[in-house]
Amino acid sequence: MIDFNNIKKSFNNNNVLCGVNLKVKLAQSMVIIGGSGTGKSVLIKTALGLIKPDSGKIFVDGVDVNQTKNNQFLERFGMLFQGGALFDSLPVWKNVAFRLQRGNQKRPKDEAREIAIQKLRRVGLGPSVADKYPAELSGGMQKRVSLARAIATDPEIIFFDEPTTGLDPIMSGVINELIREIVVELGVTAMTITHDMTSVMAIADQVAMLHDGKIQWCGSRSDLTNSGNAYVDQFVNGSVEGPIKTIR
Amino acid sequence: MSLFKIVADIGRFFLQFLISTGKVSIFAGQTFSYITRPPFYFREIITNIFNIGYLSIPVVGLTATFTGAALALQIYSGGSRFNATEVVPQIVAIGMVRELGPVLVGLMISARVTSSIAAELATMKVTEQIDALVTLSTNPMKYLIMPRVLAGILTGPILVLVADSLGVFGGFLVSTQSLGFNPTNYILSTVHFLTAADILSSLVKGAAFGLIATLMGCYFGVNSTHGAQGVGRATKSSVQAAAVLILAINFLLTALLFTA
Ligand SMILES: Nc1ncnc2c1ncn2[C@@H]1O[C@H](COP(=O)(O)OP(=O)(O)O)[C@@H](O)[C@H]1O
Ligand SMILES: [Mg+2]
């Protein structure tokens, strides 16, 4: 479904991705783990064509991402940005319904608003936030609005960049369940970045660990605790000792 | 030694200038290519016409009125040195319409519009809102930039018309209230003196300056990097570039339109 083929990317002299190979299967939930600054967000952005890799190719359904005419292609994707990336000039419901108000997926205004409110409810937000502006919401609420926007048109492939960061444990649980539901019930292909081991256990079919610009390990969730991989063990146990350097 | 450094610096500056000119030209070309290609975001276009044009009227009107008034006083006192005080209406009219009206509009919208476009787009860039637009199948060039530039081109001439009229009106007020001109004669002198070409040139300049002001705001906004500091830098650079370009293009247009 999504096939990262030897992706390399550096910014100035900072080699972020040094040959990433990764396959995500249809209707599967792939979770990417790895320390902060290892290039997880950059990797996801290359899949959407937001960042062009220096070399390597990404295929979605066999189509080279950087060769397609973007808009039609992007209608199949949803993306939750790490920072939310809500449009602060638009009220919450218009953010969620952004795609439903223009382009090929345009609906009548009432219907678009209705869908927006329904999606907001799915991420645990009541209709009262619909007419607020993003700046009036807390960080965690903004994140959830952004999540509602990502799933508003029921896309086939969704990227979640740290969906539960900044949420309380109960809300994290709600979001984990939502992502799992989306994958299982709607057959969506999901790629999620997270640091949160509870999320990993709740969301993942497959887990990949990114470190030093490469996928160090990739396997199913059940193998995570007995991976036999030093990087994974250190990350899962949160230990200071191991191959991942902790500068203090 | 230091001479080499100066030459090297000049060379580097010149190269940088050429590179920037090239980049801006490509950016402008892309923007124009979207003016004729759907989808069109009419709501965005209308909103921007309102923000850029309508909301600029007060500041443009005030600056033009005061400038016209001061111009009348200067021409009167200068003219009195060789008994030519009666040319006040004509010189105010030609000064405002051909030069000061368009230039004032250009500089005022650089201050008001260029800065706000640059700051807004740069903030959208650093908070990934522009990336988010792309993932929501919306082309930022069409959705954010084309409406702003189009609004600049369309409202520039209208703002210039406002500035020209109120500038002449400022001169009229001072001349009739404190310099002893007859109101009817003042108006007749102005109307008879101005030609259609004067006014047309004014409008052409207005459209050009509207384009420059909005284009610079967009260009520096979407190319901003490095967080909050980058937003500040984008805003500053955009206003500088817009103001300098407007004055330079004003000179070129004047040379082109009036020395033939
Ligand atoms: N647009 C950019 N320009 C320069 N460097 C960048 C850019 N985006 C990311 N980086 C760098 O790439 C590295 C990985 O970033 P990122 O993918 O955001 O990390 P994370 O794994 O925490 O999501 C960081 O060192 C970051 O500084
Ligand atoms: Mg990240």
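An oxygen atom of ligand 1 is found 2.7 Å from a polar backbone atom of A:Gly37. This is a predicted model, in which local features need pLDDT of at least 70, side-chain atom pairs count only at pLDDT 80 or more, and totals for chains, interfaces and linings use all residues. Residues are numbered from 1 along each chain as its sequence is written, chains are lettered from A and ligands numbered from 1 in the order in which they are written, and side-chain values use heavy atoms, leaving out hydrogens and water.

Let's stay with the ligand for a moment. Residues around ligand 1 (a heavy atom within 4 Å) include A:Phe11, A:Val16, A:Lys40 and A:Gln82. Here are the distances to its oxygen atoms:

| Residue | Polar atom | Distance to an oxygen atom of ligand 1 |
|---|---|---|
| A:Gly37 | backbone | 2.7 Å |
| A:Ser41 | side chain | 2.7 Å |
| A:Asn14 | side chain | 3.2 Å |

Now for the domains. An automatic or database domain assignment divides chain A into domain 1 (1–69 + 155–163 + 188–248) and domain 2 (77–153). Their contact (heavy atoms within 4.5 Å) takes 14 residues from domain 1 of chain A and 11 residues from domain 2 of chain A.

How many salt bridges are there between domain 1 of chain A and domain 2 of chain A? The count is zero, where a salt bridge would be a side-chain nitrogen of Lys or Arg within 4 Å of a carboxyl oxygen of Asp or Glu. On the side of domain 1 of chain A that touches domain 2 of chain A, S7(A) gives the most, with five residues; this strand is a DSSP run (E, at least two residues), numbered from the N terminus.

Methods: Helix = DSSP H or I, 4+ residues; strand = E, 2+ residues; numbered from the N terminus. Polar contact = N/O pair within 3.5 Å; in protein donor to acceptor, adjacent residues only side chain to side chain.
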